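Me: I'd like to go through this fold and ask what backs up each label. Can you take a look with me?

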Amino acid sequence: MSIQIDQEALFKEALISGINLFTGAGFSKLPDANGKTLPDAAELCGEICEKFSISAAYSNDLERLSSIVSLRAKSQFQKYLREKYTVQSYNELYDLLNNISINSFITTNIDNIIQCVMDNSERYCLHSIIEYGASKKNPFIIPFIPLHGNVKDINSNLYFGKNELANVDQDNQELFVTMHSKLLESPTLFWGYGFHDNAIERTI
């Protein structure tokens, strides 16, 4: 399949001069070294209904289902999500990220794929805004902005429920303010993101 890129020369120039990466669920779908993939919404819903004894009537609405489970068993649900979205290996194609100039990594994903990639990088170091605050500009340090939580941060709430997602920009205000400033500084490549989050659309 060929990919048509509008303004291809401009795009390639931005990859060299520096871009923000804004990733959604589609970014994390490459199979790992063992052929395993992270579950998508359809796969996750059925399993959540079964594990937490929720009616299958909710099996087609992950956000609503997550809201129900969070109300009934939040700590167990958070633990379940951490187990589901913590990876030990990743697809080697992600290592190609080291070939482009990345000014910041912004994501709605909760998995740790990007941490694994950058742990093996000889070019970049990932800098968590939540843990360490803003960093001085450095071409080898990538500010990491996990808008909906991060499985590797045990103190981070993982946002999956409808009500939580609607207000995540208030709960994680510092991250959203930082995201906004980064979007103003550099071109941004949106990768696998569907623009379905009201909180993020308000900021953008």
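Me: Let's start in the sheet: what is the bridge partner of phenylalanine 105 in β4?

Reply: Phenylalanine 105 has phenylalanine 144 in β4 as its bridge partner. Before going on: this is a predicted model, where local features need pLDDT of at least 70 and side-chain atom pairs count only at pLDDT 80 or more, while totals for chains, interfaces and linings use all residues. Residues are numbered from 1 along each chain as its sequence is written, and side-chain values use heavy atoms, with hydrogens and water left out.

Me: What makes β2 and β4 a pair?

Reply: Two strands pair if DSSP finds at least two bridges between them. Strand β2 (residues 102–107) and strand β4 (residues 141–146) have three bridges, in the parallel sense, so by that rule they pair. As for the names, strands (E, at least two residues) and helices (H or I, at least four) are DSSP runs, numbered from the N terminus.

Me: And why are β3 and β5 called edge strands?

Reply: β3 (125–128) and β5 (188–191) each pair on one side only. The open sheet has five strands in the order β3-β4-β2-β1-β5, with parallel pairing, and the twist averages 25° from one strand to the next.

Me: Which helix packs on the sheet?

Reply: Helix α8 (residues 173–185), which touches β1 (19–23), β2, β4 and β5. Touching is contact here, meaning heavy atoms within 4.5 Å. The direction of α8 makes about 130° with that of β4; angles run from 0 to 180 degrees between N-to-C directions, and axes are lines fitted to C-alpha atoms, for helices over the stretch in contact.

Me: Why are α2 and α3 called roughly perpendicular?

Reply: Angles of 65 to 115 degrees count as roughly perpendicular, under 35 as roughly parallel, over 145 as roughly antiparallel, and the rest as oblique. Helix α2 (residues 41–51) and helix α3 (residues 62–85) pack at about 100°, axes 11 Å apart, so they come out roughly perpendicular.

Me: What sort of residues meet there, by class?

Reply: The contact of α2 with α3 has eleven nonpolar, no polar and three charged residues. Nonpolar covers Ala, Val, Leu, Ile, Met, Phe, Trp, Tyr, Cys and Pro; Asp, Glu, Lys and Arg are charged; the others, Gly among them, are polar. Among those meeting are Leu44 and Ile48 in α2, and Val69 and Phe77 in α3.

Me: How do you know that lysine 84 and glutamate 47 form a salt bridge?

Reply: The rule asks for a side-chain nitrogen of Lys or Arg within 4 Å of a carboxyl oxygen of Asp or Glu. Lysine 84 and glutamate 47 are at 3.0 Å, N to O, so the pair qualifies. Lysine 84 lies in α3 and glutamate 47 in α2, so the pair ties together parts 37 residues apart in sequence. The count by this rule is five salt bridges.

Me: Is glutamate 47 buried, exposed or partly exposed, and what makes it so?

Reply: Buried is under 20% relative accessible area, exposed is over 50%, and partly exposed is in between (1.4 Å probe, protein chains only). Glutamate 47 has 32%, so it's partly exposed. Lysine 84, at 28%, is partly exposed too.

Me: What makes aspartate 169 buried?

Reply: Its relative accessible area is 9%, so aspartate 169 falls under the 20% cut-off. Aspartate 169 forms a salt bridge with arginine 202, with the closest N and O atoms 3.0 Å apart. That pair links distant parts of the chain: aspartate 169 is in helix α7 (residues 168–171) and arginine 202 in helix α9, 33 residues apart.
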